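Let's take a walk through this protein together. Keep the picture open while you read, and look for each part as we come to it.

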Amino acid sequence: MLPGYEKSKECFEKYGLDLSADVYEKLDTYAQMLCETNKSVNLTAITEPYDILLKHFIDSIIMVKYIDFKDNMRVIDVGTGAGFPLLPIKIYKPSVCITLIDGLNKRVNFLKEVCSKLNIEAECLHERAELLAKKEMYREQYDIAVARAVSPMPVLAEYCLPFVKVNGCLCSLKGPSENIDLASNAISLLGAEITSQTEYTVNDEKRKIIIVKKISHTSSKYPRNSNKIISKPL
């Protein structure tokens, strides 16, 4: 499914990443399952092998260059879709403990099938983020929240930061046009601060990775219900 191992390894190395044969085999199986399931469940518009390698796998795993995913860290992917970016990161960094949440049960079932096939330990939940973040066993329990979503940063921050413990961080992959300054009020209200914005390119397409550090507890009034989060961003 993916380009051959040597070609894929060259692509990874171009972005400063190693690729072992074992990780390649798992990513290749993931790609095959993604394309097969995509015939009946809308998971992705990206289905060409080279595009999957670059735009799904490398563009997810590249996070490890900017965040230190330490052993046994708890990491949550909010609105994970088909598992991006966190499931490829788990394949690349198996020692992290991951939770994948999505509002569509068919996607969650797909993720469970991939994890079972690849013998990956992961918590895959069909849940609404704004409801799950109110539960004690999930609220402020994660070292890192990751997201690769199209939602504006103020919206994304309200969904994600309630899951992050103090001194943890939100790591978001965004397009180059995202004006993070527009999210500064929301991020401050949620008990966090912007620590870095780094631009990079994947296959000549510009990207931006934004790191937000949690510096104090998030007020219990956040997150609000989904309608308010979207219609009246902080």
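The largest pocket has a volume of about 980 Å³. Here a pocket is an open set of points on a 1 Å grid over the protein atoms alone, with protein on both sides within 12 Å along at least five of seven lines, for a 1.4 Å probe. Its volume is the space filled by probe spheres set on the points. What you're looking at is a predicted model, where local features need pLDDT of at least 70 and side-chain atom pairs count only at pLDDT 80 or more, while totals for chains, interfaces and linings use all residues. Residues are numbered from 1 along each chain as its sequence is written, and side-chain values use heavy atoms, with hydrogens and water left out.

So who lines this pocket? The lining has 38 residues, and Gly-79, Gly-81, Arg-148, Ala-149 and Val-150 lie nearest the pocket's centre; a lining residue has an atom within 4 Å of a point. Among the elements giving two or more residues to the lining are helix H3 (49-61), strand S5 (164-174) and helix H7 (153-160). Helices (H or I, at least four residues) and strands (E, at least two) are DSSP runs, numbered from the N terminus.

Stay with H7 for a moment. 8 of the 8 residues of H7 are buried, so this helix is largely enclosed by the rest of the structure. Buried means under 20% relative accessible area, with a 1.4 Å probe and protein chains only. Met-153, Glu-158 and Tyr-159 are among the buried residues of H7.

Now for the nonpolar cores, which are sets of buried Ala, Val, Leu, Ile, Met, Phe, Trp, Tyr and Cys residues joined through side-chain atoms within 4.5 Å. The largest one has 56 residues, and Phe-12, Leu-27, Tyr-30, Phe-69, Leu-87 and Phe-110 have the most contacts inside it. Helix H2 (residues 21-37) gives the largest share of this core, 8 residues. Apart from this core lies another, of 32 residues, including Leu-125 and Tyr-222.

Finally, the rings. The whole structure holds 8 aromatic pairs, meaning rings of Phe, Tyr and Trp (its six-membered ring) with centres within 6.5 Å. Tyr-142 and Phe-163 have ring centres 6.4 Å apart and planes at 75°, so they're edge-to-face, the name for planes over 60 degrees apart. Because Tyr-142 sits in strand S4 (residues 142-147) and Phe-163 in the loop between H7 and S5, the pair ties together parts that are 21 residues apart in sequence.

Terms used
Buried means under 20% relative accessible area, exposed over 50%, partly exposed in between (1.4 Å probe, protein chains only). Rings of Phe, Tyr and Trp (its six-membered ring) pair if their centres lie within 6.5 Å; planes under 30 degrees apart count as stacked, over 60 as edge-to-face and the rest as tilted.
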